[in-house]
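These are my notes from going through one structure.

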Amino acid sequence: MLSHPDITPEMKQRIDEIIASHKDTPGAVIPVLRMCQDVVGYLPVELIDYISRGLNLPRSDVYGVATFYSLFSLTPRGRHTVRVCLGTACYVKGVKEAMDRIGRTYGIGSGETTDDRRFSLEAVRCLGACGLAPVMMVDQHTYGGIKPDQALEILEKYE
Amino acid sequence: MNQHRLDLMLCGGTGCHASGASEFKEALGAELERQNLDREIRIIETGCNGFCAVGPVMLVQPEGIFYQQLQPGDAEELVEEHFLKGRPVQRLLYKEPASKETIPIMDEIPFFANQMFRAMRNKGQIDPESIDEYIARDGYFGMARAVNELTPEEIIEEVKTSGLRGRGGAGFPAGVKWGFAAKAEGDIKYVLCNADEGDPGAFMDRSILEADPHAVLEGMIIAARAIGASRGYIYCRTEYPLAIDRLSLAIENARNYGLLGEDILGSGFDFDIDIYQGAGAFVCGEETALMRSIEGKRGMPRPRPPFPANKGLWDRPTVLNNVETMANVGQIILNGGEWYASVGTESSKGTKVFAMSGDVNNIGLVEVPMGITLRKMIFDIGGGIPKKRKFKAVQLGGPSGGCVPEKYLDTPVDYEEIAKVGAIMGSGGVIVMDEKTCMVDMARFFMDFIQDESCGKCTPCREGTRRILEILDKIASGHGTPGDIEILEDLCDVIKTSSLCGLGQTAPNPVLSTLRYFREEYDAHVYEKRCPAKRCAALLKFTVDPDKCKKCGMCYKVCPSGAITWQKKEVASIDREKCVQCLACYDACRYDAIE
Ligand SMILES: Cc1cc2nc3c(=O)[nH]c(=O)nc-3n(C[C@H](O)[C@H](O)[C@H](O)COP(=O)(O)O)c2cc1C
Ligand code: FES
């Protein structure tokens, strides 16, 4: 029922477990989408359909939720997610320059992924680390006080 | 419970983490072990200490000695000199920038000395993962009193007496809100905690959750008791993984201690809490949108009334309060409403936590008594503006707020007084801006944020904010035409009065307040095609003024694209072909020589 090149049989099994355990909980769409995205890396349209059937909800509802929240991505993501903070504190400290340099160097804009799927670039609003502004997060690691040159140096370490 | 000679309270907040606290912790742990001190001295990783600017920081208890900017290489000397021989390591102590005086004791450092800790009373003092340490500092005593000694009416009365107002933005009196929900009819009621913290530039809720999660749980249990709720949710941003971990652990421990769940403390009262993770939408911080999001829908606000106190989550009576609001409740019930209200101004009681950042020396979290002036907060606690630059304005309240210029710096921290000068208290984001900040650019920044986060349900907010952004873009790129500023004013007025929720109703504020105080900057952009603060690249010439250039070469050193030629004792020059307009040279030049 669910076939997609990016979804392995093991992933499918995990997805079925997630759906089964949330089937009867009202309002479970968002947690289910989150967990499924954690399994696959993103939410292909086929997966969204599958989830809507599993939770017995209209497709439009699930699709509507998946597109409303910025956490969810309907396209494949890079191996590393680079989140550059464009929050107020970081903006005042000149994060825009770092963001521009990263974008130019890797040829991607916010919300895009490099062709080799190395990086996905995201502009986020405040990582809650304003004391270190300007701030960038690569996967789970937070880097503070990034100047354009440093940002590029840091990224070089991620393959 | 303390059999240890010394407790080393090492900050494990996000700020110190990113500046290398875990590497230092490892080195220190190894060194203590090597010297066989690990039984008498222990390291406790705390939540955010607040003084993020000088991280990683560590407080040595019970001595109260404060160390800053710790590196793994410092571990050996610290252990050898201080912990063995009792001689604090001078070079790692705080030095007052102006007088160069060394201040070893934390409470005497101006940054801390001018603060008053209530909502953050446990930050950096306890291990946030230990419920015992929370209890040892009178934790859950207020809750015990609430469930065993007070009636719901008495709890509400106590909170009303305290004058506690919502810390999430609007400042609605918490006791009054609880009173409505208590009276509302319904077999099931809910208590929610708003930990969505969307205001970019605010991070106090995160710090409270990471440093003292039980305080939030305690407040929620008391609220639940007051209104008769049986279930609670904490709606937390997904960007705060550490806060979510600590909360989960705190909930589990509280359940094990019989402080949460069925028959709390043998009182017959049942209440349990779950965490609900947000999914990245600013508007979900708005109360009705937040509730729809928990229901699993697109997080869009709905018109009020009915108010959530009557029809909230799943249409049941619901109380929603902010993290900081909740964190104050336990102490209020324990010490009494009058105790809380003994500090503050006529209409704003108690303390408020602010997240101070931007162009200020002591970036970090501060908690101050209401009524303190903005000037005192920025200059005495914040230590003033770095790089010898001049103060220009302070932005309060994030995208719904406004900026306050120099002439109103003596405004006290008070909901009404701040509103009078065109800003809002908001959630407590304080962004200090120096003379190199362009106010048109700042307004553009906030409008970009708002139009991105507008949920799209109502037209004035969806279309109006987009139009404002277009006009600001036009002005910043040098294409402003006479009449633009007037159209901006009209648009702001319409959006303010006709939007559905607080997001749209307050969206024009950053534009209106910059227009109010810095209109001449808008005029300069539109009529003279000039950006006085030199931030709007389209209006800059990228040439060096030979009269002002001191031939120092700073611009040459920072230029990333090799566009600047310079030699010792010669005026620098910029090759426009190679220039990428990154503005690095403008920032580096101390003589304002680049036009
Ligand atoms: C667009 C918008 C975003 C909001 N974001 C937050 C937020 O992130 N955190 C918060 O506590 N309150 C936020 N609020 C305020 C809430 O709607 C609500 O008033 C508050 O959580 C109530 O708690 P309090 O009375 O304790 O402040 C927001 C309001 C609006 C209109
Ligand atoms: S504004 Fe960037 S971390 Fe807060």
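Entry 1. I looked up helix H4 of chain A, residues 59-68, and found A:Val62, A:Gly64, A:Val65, A:Ala66 and A:Phe68 buried. Buried means under 20% relative accessible area, exposed over 50%, and partly exposed in between, with a 1.4 Å probe and protein chains only. Helices (H or I, at least four residues) and strands (E, at least two) are DSSP runs, numbered from the N terminus. An α-helix has 3.6 residues a turn, so residues three or four places apart point the same way.

Entry 2. What covers the buried residues of H4(A)? I noted helix H2 (29-40) and helix H3 (45-55) of chain A among the cover.

Entry 3. I wrote down the ground rules. The model is predicted, so local features need pLDDT of at least 70 and side-chain atom pairs pLDDT 80 or more, while totals for chains, interfaces and linings use all residues. Residues are numbered from 1 along each chain as written, chains are lettered from A and ligands numbered from 1 in the order written, and side-chain values use heavy atoms, without hydrogens and water.

Entry 4. I went on to chain A as a whole. I listed 7 helices and 4 strands, in the order α-α-α-α-β-α-α-β-β-β-α from the N terminus. The C-alpha trace spans about 50 × 30 × 25 Å along its principal axes. Chain A has 159 residues, and 58% of them count as buried.

Entry 5. I checked the domains of chain A, whose bounds come from an automatic or database domain assignment. Domain 1 covers 9-68 and domain 2 covers 80-156. Their centres, taken over C-alpha atoms, are 29 Å apart.

Entry 6. I turned to chain B, where the assignment gives domain 1 (6-111), domain 2 (131-341), domain 3 (351-434), domain 4 (439-527) and domain 5 (541-595). I noted 41 Å between the C-alpha centres of domain 1 and domain 5 of chain B.

Entry 7. Where is B:Arg237 found? I found B:Arg237 in the loop between strand E8 (231-236) and helix H11 (241-256) of chain B. Is B:Arg237 buried or exposed? B:Arg237 counts as buried because its relative accessibility is 7%.

Entry 8. I followed the side chain of B:Arg237 to the backbone oxygen of B:Glu197, at 3.2 Å. Leaving aside neighbours within four places in sequence, I listed the contacts (heavy atoms within 4.5 Å) of B:Arg237: A:Arg125, A:Cys126, B:Ala195, B:Asp196, B:Glu197 and B:Ile244.

Definitions and conventions
Polar contact = N/O pair within 3.5 Å; in protein donor to acceptor, adjacent residues only side chain to side chain.
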